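Subject: Structure handover

Hello,

Here is the structure I promised you. Please open it and keep it beside this email while you read.

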Amino acid sequence: MYKELLATDHFEITLPQALSTNERQLLTLFYQPLTGPDPISLYLTLWAEGEDDATGTMTHYYLMNVLGMPVRTIFEARIALEAIGLLRTWRKDEQDSRTFIYELVRPLEARDFFADPLLSMFLFSKIGEQAYRKLRNRFCKQVDKRGYSEVTRTFTDVYKPVHTNVPQDILDERDIEQGYPFYYEQFDFELLCAGLSEQLVPSSALTAEARLLIAKLAFLYKLSPLEMQKVVVLALDDTMRLPVERLKKAAADYYKITVSKDAPKLAKTFEQQSKASTEVKRSKEQELLHYLENTPPIQVLRDINNGKEPIPASVQLAEDLVMKHNIPIGVVNVLLEYVMLTTDMRLPTKYVEKIADHWIRKNLKTAKEAMDLARQERDKYAKWKAENESKANTPQKQVYKKASGREEKVPDWFYKRDEGPSQAPTTATAVDFEAERQKILQKLGQDGQVN
C-alpha cells in the first residue's frame, strides 16, 4: 500500500469543460450501482475542487479529512474510477515525494452506456431487470424506425483531406478514448480467425468496432477464441456483417445454452483480500490496530476525548507529524494515544516530538510496529516523560503490555468512540474518570510480561 499511495502525496486536478447536471445524474444512477458510493464521492469531491481555479496542489491528507476515509479506501476508490473510465491518473516520482494528476473523464452518454455489453450487463446484475428497464426507458426513449432505412453520410462521404502538411506534434496528439480502458488486443484474434474461412466470415466483417465488441463479450462470458468462432458465425447477417445487437444476442444465447441461464456478474479483484480478512474474527487488539491504521488522526483525537473537538494546537501537532515529518497515519495514531494515556490525557509537544524522532529513525511503517516498540521502550519513554515534566506527579505506567496468558486489553475509549460527546464533567465525574484511567492503564500491562 505504501508503494501506491501515502497521505502526504500531492495531487492536482484537471476537468473536462463544463460537467453538467445530466452527467451528475448519470454518475448517481448508472455508475454508483457499479462502483459503490465511495468512488462516486471521490469523483464529486475532485469535481468540486477542480472547478475552483484557485485550487492548486493538495495532499491526500486533505481528502482523508473531507471524505472521512482512510488512505487505503481513497486508493481503492481511485482505481475503481480508473477501471470504470471516469478517471485517468498520472504520477511523477521525485526524490522525496510523489505528485499525481487526476484527470476526470466525462461519464458515457446513456445510449453508449446501454450499448456497451460489459457496463450494461454489470448494471443489470446490480439493480435487477425492473429497475434496469425503467432506467433505460427514462434515458433512452425508443423511436419506432420500422419502415425507415438509414441514409446518414459518414465523415469520409462528405470530407476529404486537402493537404498533408501537418506538424508532427499535432499528428502525435490523440484524443482521450471514450469509455473505460479495455485492451482488446489481449484476446487471441489470430486463433479466432484461424478457424473462420474468408468465404464463411469475410475479414471485412471484423471491423475495429466488431473486434472490440468480440473481446468484451469473450471477457464477460469467459469464452475462448474457439467458442467465439461459433458466436461470430451465429451473429453474421445476410449482408455478411456483424451488427452489434446480433453479436450481443448470439453471445448471450451461447452462454445460456452451454454455461448457465443466469447472467454473469463482475467482481472487483482488489476486494478479495479484504473479504477474506472480514471472515476471520479479529481479537480486540487486532480491532484496535485496524482502527488506528485506517482512521485520520483528528478523528482519533476526538474519540479519545469522548467525541469532543480537539483544540487547534493538538490538531496542528497531529497534522505536522503527518505532513511535515511524513510519519504514516497508523504510527501517528499510536503515538497520540500512547502519549495521552501516559500523561493524564495531555499532549506535551516536546515529549511527542522526542518519541516521534525516535520512531522516524526506527523507520516505523505500521501501527503494530509502533505499538510493539512502545512496549519494548516503555521504561525509556517513562524517563523522557519525567524529564519533560516540571513535577513528576504521575507514576510510571507500562502501556501496551499484554497480560500474560490472558486476552489482549485495549482502552475503553476505543469501544465508546461512537457514543457522542459527553457533558462537561463535574468534580465527582472527574474523580471517577481518574479512577477509570488508572484502571485502564493497569489493564494495559502493570502485571504481565512484555510480548
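Below is what was found, topic by topic.

**Ground rules**

This is a predicted model, so local features need pLDDT of at least 70, side-chain atom pairs count only at pLDDT 80 or more, and totals for chains, interfaces and linings use all residues. Residues are numbered from 1 along each chain as its sequence is written, and side-chain values use heavy atoms, with hydrogens and water left out.

**Nonpolar cores**

Start with the inside. In soluble globular proteins, nonpolar side chains tend to be buried together. A nonpolar core here is a set of buried Ala, Val, Leu, Ile, Met, Phe, Trp, Tyr and Cys residues joined through side-chain atoms within 4.5 Å. Buried means under 20% relative accessible area, exposed means over 50%, and partly exposed lies in between (1.4 Å probe, protein chains only).

The largest nonpolar core has 82 residues. Phe30, Tyr31, Ile355 and Trp359 touch the most other members. Helix H17 (residues 329-342) gives the largest share of this core, nine residues. Helices (H or I, at least four residues) and strands (E, at least two) are DSSP runs, numbered from the N terminus.

Now look at Trp359. What is it in contact with, leaving aside neighbours within four places in sequence? Its partners are Val331, Val334, Leu335, Leu364, Ala370, Leu373, Ala374 and Tyr381. Contact means heavy atoms within 4.5 Å.

**Aromatic pairs**

Rings of Phe, Tyr and Trp (its six-membered ring) pair if their centres lie within 6.5 Å; planes under 30 degrees apart count as stacked, over 60 as edge-to-face and the rest as tilted. By this rule there are 12 aromatic pairs.

Take Tyr31 and Phe113. Their ring centres are 5.4 Å apart and their planes are at 75°, so this pair is edge-to-face. Tyr31 sits in helix H1 (residues 21-35) and Phe113 in helix H5 (residues 110-115), so the pair ties together parts 82 residues apart in sequence. Both residues are buried.

Tyr221 and Tyr255 make a tilted pair, with 4.9 Å centre to centre and 45° between the planes. Tyr221 is in helix H10 (residues 208-221) and Tyr255 in helix H12 (residues 244-258), 34 residues apart. Tyr221 is buried at 6% relative accessible area. Tyr255 is buried too, at 10%.

Ring pairs also link Phe30, Tyr31, Phe113, Phe114, Phe124, Tyr132 and Phe139 into a cluster.

**Charges over rings**

A charge sits over a ring if NZ of Lys or CZ of Arg is within 6 Å of the ring centre and within 35 degrees of the ring normal. Arg24 lies over the face of Trp47, at 4.4 Å from the ring centre. Arg211 lies over the face of Phe189, at 4.8 Å.

**Strands**

Strand E3 (residues 87-93) and strand E4 (residues 98-104) pair in the antiparallel sense, over seven bridges. Two strands pair if DSSP finds at least two bridges between them. A hairpin of four residues joins E3 to E4. Lys92 has Thr99, in E4, as its bridge partner.

**Cysteines**

How many disulfides does the structure hold? It holds zero. The cut-off is a pair of cysteine sulfur atoms within 2.5 Å. Cys140 is buried, at 4% relative accessibility, whereas Cys193 is partly exposed, at 30%.

Best wishes
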